[in-house]
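Student: I have a structure open and would like to learn how to read it. Can we go through it feature by feature?

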Amino acid sequence: MTTTSTGTDWQAWQESWDRQQEWYMPDREERFRIMVDMVESLVGPTPRVLDLACGTGTITARLLARLPGATSTGVDLAPALLAIAEGTFAGDERVTLVSADLKDPDWRAGLPHDSYDAVLTATALHWLHSEPLAALYGQVAKLVRDGGVFMNADHMIDDSTPRINAAERTLRHARMDQAKAGGGVLDWAEWWQLAAQDPVLAGPTARRFEIYGEHADGDMPSPSWHARVLREKGFGEARPVWCSPSDTLLLALK
């Protein structure tokens, strides 16, 4: 357990975040499994990893559980999620956490390393519109060493298939509604309401909403767009290595 002197059960908060995210993405763990598989196969069992837009440290936790010789730098701007990550990994010398705004051109200045074997991110960059996302991909390309890897697991929508997209969305939301009706499921807004009531997370949660507002959806370009832009920014190869009807794990190799 990761209960601290504050009385906060950080593991319980991690599990609560996982359950909330899994309501939207029931196959969430599968993308993480493939992500760590590809890290191990491409850069080995002791990688230096940048967990980009790390949130509570979900990717870092899966990485270290599978590859205990890895090290991870987590970077995010959301104070409450970073607080959970800090509580979870307190005392673990393999993990460094950095607060930075990925839309700031100088966000890399606070990182402890100039290069990484792997940069990983999941369900985060759809908050950015295409132009700043392309700029971020250029910055990421400079952080990944030659032979290193970048992976982004996120909502990637192919606008050329509107009927398929509509059918997938209808079924997915029907299943979400069914799960919600069964009780015990927190959605995004309800999870944040719970965090706002916690004495330790209330302040960081308030600051989070000052920074982001309710929810700032950006663009969700297609996997082909991501692959093309990543190659334009300096990666040698880029393609999906996993997908669901709505999401894609796209891998780019430097």
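Student: Is T248 buried or exposed?

Tutor: Start with the cut-offs: buried means under 20% relative accessible area, exposed over 50%, and partly exposed in between, with a 1.4 Å probe and protein chains only. T248 has a relative accessible area of 5%, so T248 is buried. Before we go on, note that this is a predicted model: local features need pLDDT of at least 70, side-chain atom pairs count only at pLDDT 80 or more, and totals for chains, interfaces and linings use all residues. Residues are numbered from 1 along each chain as its sequence is written, and side-chain values use heavy atoms, with hydrogens and water left out.

Student: Where is T248 found, and what is T248 in contact with?

Tutor: Helices (H or I, at least four residues) and strands (E, at least two) are DSSP runs, numbered from the N terminus. T248 sits in strand β7, residues 247-253. Contact means heavy atoms within 4.5 Å. Leave aside the neighbours within four places in sequence, and T248 touches N152, A153, D154, M156, P223, P240, W242 and C243.

Student: Which residues count as exposed?

Tutor: Take two cases. E210 has 67% relative accessibility, so E210 counts as exposed. E210 belongs to helix α8, residues 202-212. D146 is in strand β5. With 66% relative accessibility, D146 counts as exposed too.

Student: How far apart in space are E210 and R231?

Tutor: Compare sequence with space. E210 and R231 are 21 residues apart in sequence, and their C-alpha atoms are 35 Å apart. Now try D146 and A179. They are 33 residues apart along the chain, with 45 Å between their C-alpha atoms.

Student: How many residues does helix α5 have, and what length is expected?

Tutor: The expected span is 1.5 Å times one less than the number of residues. Helix α5 covers residues 130-143, which is 14 residues. From first C-alpha to last, α5 reaches 20 Å, close to the 20 Å expected.

Student: What do the buried residues of α5 pack against?

Tutor: First, the residues. L133, A134, L136, Y137, G138, Q139, V140, A141 and L143 are buried in α5. The buried residues of α5 pack against β1 (48-52), β4 (116-122), β5 (144-155) and α9 (223-232). Now look at helix α3, residues 58-66. Its buried residues include T58, I59 and T60. Their cover includes α1 (10-24), α2 (28-43) and β2 (71-76).

Student: Which residues have a positive phi?

Tutor: Most residues other than glycine have a negative phi. A53 has a phi near 55°, a positive value in a residue other than glycine. A53 lies in the loop between β1 and α3. T123 is another case, with a phi near 50°. T123 lies in the loop between β4 and α5.

Student: Now the whole protein. How many helices and strands are there?

Tutor: The protein has 9 helices and 7 strands. Of its 254 residues, 49% count as buried. The C-alpha atoms fill a box of roughly 45 × 45 × 35 Å along the principal axes.

Student: What does the radius of gyration say?

Tutor: The radius is taken over C-alpha atoms, and the globule rule is 2.2 Å times the number of residues to the power 0.38. For 254 residues, a compact globule would have a radius of gyration near 18 Å; the protein has 18 Å, which agrees.
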